[in-house]
Amino acid sequence: MTKFSVTQNGIPFTDYKWDEKTRTFSTTAHGLVIDFGDNIGITFKTGYNCTFKTGYNCTFNTGHSCTFNTGHSCTFNTGSYCTFNTGHSCTFDTGHSCTFNTGSYCTFNTG
């Protein structure tokens, strides 16, 4: 059984779907703090303005203004016209071997 916590505005949040077999977390909600600790191989499908804390080998398919603090070997899938600027709208704090798979006209500004 995978242990994790989800809050919205500091209150426990339960309006999501969790599929233990595929290790997929899904919700259309926004403004969540999603903490999977050191769990690995999780797939996330969420709305915007979410914060994720995970282990490695995770896949993210989200809306805008999200913060990712992950281990290595992660995949980020986004729509077009995105800008990834650490310290601004989106922050990607990752280990090695990460893949960014985006739509057209995306910009990556990192340290």
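I started with Cys74, which counts as buried because its relative accessibility is 1%. This is a predicted model, so I am reading computed values throughout. I then asked which cysteine sulfur is nearest to that of Cys74. A disulfide would need the two sulfur atoms within 2.5 Å.

Next I looked up Cys58. Its relative accessible area is 1%, so Cys58 is buried. The closest cysteine sulfur to that of Cys58 sits in Cys74, at 5.1 Å, so it is too far for a bond. How many disulfides does the rule give in the end? The count is 0.

**The open sheet**

I followed the strands of an open sheet next. There are 6 of them, in the order E3-E4-E6-E8-E10-E13, and the pairing is mixed. Which strands are at the edges? They are E3 (17-19) and E13 (99-101), each of which pairs on one side only. From one strand to the next, the twist averages 10°.

E4 (residues 24-26) runs parallel to E6 (residues 43-45), with 3 bridges between them. Across that pairing, Phe25 stands opposite Phe44.

E5 covers residues 32-35, and I wanted to know which of its residues are on the covered face. Leu32 and Ile34 are on that face, while Val33 and Asp35 are on the uncovered one.

**Core**

The largest nonpolar core has 18 residues. I checked which of them touch the most other members, and found Leu32, Ile34, Phe44, Phe52, Phe60 and Phe68. I also listed what Leu32 touches, leaving out residues up to four places away in sequence. Among them are Val6, Phe13, Thr27 and Cys50.

**Aromatic pairs**

A search of the whole structure gave me 17 aromatic pairs. I wrote down Phe4 with Phe25: the pair is edge-to-face, with 6.1 Å from centre to centre and 85° between the planes. It links distant parts of the chain, since Phe4 is in the segment before E1 and Phe25 is in strand E4, 21 residues apart. Is Phe4 buried or partly exposed? Phe4 is partly exposed, because its relative accessible area is 21%. Phe25, at 0%, is buried.

Phe25 has an edge-to-face pair with Phe36 too, at 6.0 Å centre to centre and 80° between the planes. Phe36 lies in the loop between E5 and E6, so this pair ties strand E4 to a part that is 11 residues apart in sequence. Both Phe25 and Phe36 are buried.

I also found one aromatic cluster whose members include Phe4, Tyr16, Trp18, Phe25, Phe36 and Phe100.

**A loop threonine**

My last stop was Thr70, in the loop between E9 (67-69) and E10 (75-77). Buried or exposed? Thr70 counts as buried because its relative accessibility is 8%. Setting aside neighbours within four places in sequence, I found Thr70 in contact with Thr54, Gly55, Phe60, Asp93, Thr94 and Gly95.

Notes
Residues numbered from 1 in each chain as written. Predicted model: local features only at pLDDT ≥ 70, side-chain atom pairs only at ≥ 80, totals over all residues. Heavy atoms only, no water. Core = buried A, V, L, I, M, F, W, Y, C linked by side-chain atoms within 4.5 Å. Buried < 20%, exposed > 50% of the residue type's maximum accessible area, 1.4 Å probe, protein only. Contact = heavy atoms within 4.5 Å. Pairing = 2+ DSSP bridges. Helix = DSSP H or I, 4+ residues; strand = E, 2+ residues; numbered from the N terminus. Axes fitted to C-alpha atoms, helices over the stretch in contact; angles between N-to-C directions. Phe/Tyr/Trp six-rings, centres within 6.5 Å; stacked < 30°, edge-to-face > 60°.
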